[in-house]
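Hi everyone, thanks for making the time today. I'd like to walk you through one structure and a handful of its residues, so please have a look at it with me.

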Amino acid sequence: MSVTENLSSIVKTIPAHVQLVAISKTKPVEVVMEVYQAGQRVFGENKVQEMVAKQESMPKDIQWHMVGHLQSNKVKYIAPFVSLIHSVDSQKLLEAIDKEAGKAQRVIDCLLQVHIAQEETKFGFNREELLTLVSSGTLARFPNIRVVGLMGMASFTDDEVQVRREFHGLHLLFVEMQTVFGAHFTQLSMGMSGDYLLAIEEGSTMVRVGSSIFGERNYNK
Ligand SMILES: *Cc1c(COP(=O)(O)O)cnc(C)c1O
């Protein structure tokens, strides 16, 4: 199947209130353009350099989402154009985003990444840290950041029960945090190619789908 056919068969499975972020990492501009021509306008990348290169050479009505671990010293390259950062996982990164957003005279929408998987390697805040961010007044020090929700990645496992449990827990946390973070806190980014339908059932508002649209990634090229 072509990427266009893949896209349309996925779009059919996604309810209107859920946003599809097409994860185009490692894929060349020509292929990403096919998906653009089919109507997709929201794309996600996980590397700063690659996102900047694609943003420069592709149409300007694309909304670029950063979904990968972001280093503070690289925020400046994406601050002028990024439309949502899904992967905010530390106070240091919040400081860097606020500073660079200020320089770019923008307010940047961010999601706070929450650690929900069993693996030790996944980045993110826990419940207590989220509560502290607000109650300590830390977040209020960042006027150029608008926290619009949470993001999480489930464990890398075939165990559907476990994945569902992790998504369910993240949704409960999201609902709890809506009362703490306020009116703009509306987005819950969870679900990838292998688990996005489960994630939608558990309350996701934003799914990040890569390989089901673009095919498997080849990192050895
Ligand atoms: C690569 C990536 C995805 C997409 O993964 P697929 O399994 O290819 O859909 C989603 N989220 C993040 C954070 C990623 O890095």
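Let me start with a definition: buried means under 20% relative accessible area, exposed means over 50%, and partly exposed is in between, with a 1.4 Å probe and protein chains only. Two words on the background as well. This is a predicted model, where local features need pLDDT of at least 70 and side-chain atom pairs count only at pLDDT 80 or more, while totals for chains, interfaces and linings use all residues. Residues are numbered from 1 along each chain as its sequence is written, and side-chain values use heavy atoms, with hydrogens and water left out.

Now, the salt bridges. By that I mean a side-chain nitrogen of Lys or Arg within 4 Å of a carboxyl oxygen of Asp or Glu. The general idea is that side chains of opposite charge can pair when their charged atoms come close. How many salt bridges does the structure hold? There are 9.

One of them joins aspartate 61 to arginine 41, with the closest N and O atoms 3.1 Å apart. This pair links distant parts of the chain, 20 residues apart: aspartate 61 sits in the loop between α3 (48-57) and β3 (63-66), and arginine 41 in the loop between α2 and β2 (42-45). The helices (H or I, at least four residues) and strands (E, at least two) I name here are DSSP runs, numbered from the N terminus. Aspartate 61 is partly exposed at 41% relative accessible area, and arginine 41 is partly exposed at 28%.

Then we have glutamate 128 and arginine 127, whose side chains meet at 3.3 Å, N to O. Glutamate 128 is partly exposed at 48% relative accessibility, and arginine 127 is partly exposed at 35%.

What about glutamate 202 and arginine 164? Their side chains form a salt bridge at 2.8 Å, N to O. Glutamate 202 lies in the loop between α8 and β8 and arginine 164 in helix α7 (residues 160-181), so this pair ties together parts that are 38 residues apart in sequence. Is glutamate 202 buried or exposed? It is buried, with a relative accessible area of 12%, whereas arginine 164 is partly exposed at 30%. There is also a network: salt bridges that share partners join Glu45, Glu50 and Lys54.

Those three names come back at Lysine 25. Leaving out residues up to four places away in sequence, lysine 25 touches Gly44, Glu45, Asn46, Glu50, Lys54, Arg217 and Tyr219, where contact means heavy atoms within 4.5 Å. Lysine 25 is in the loop between β1 (19-23) and α2 (29-37) and is buried, at 16% relative accessible area. The unreviewed UniProt entry places "modified residue: N6-(pyridoxal phosphate)lysine" at Lys25. A caution on that record: UniProt positions are given in the numbering used here, feature names are shortened, and annotations may be inferred rather than shown by experiment.

In α1 (residues 3-11), Val3, Asn6, Leu7 and Ile10 are buried. They cover an arc of only 100° around the axis, which puts them on the same side of α1; the arc is that of the directions from the helix axis to the C-beta atoms. The buried residues of α1 pack against β1, α2, α8 (196-201), β8 (206-209) and α9 (211-214).

In helix α5 (residues 91-103) we find alanine 101, buried at 0% relative accessibility. Its C-alpha atom is 7.3 Å from that of proline 80, 21 residues apart along the chain.
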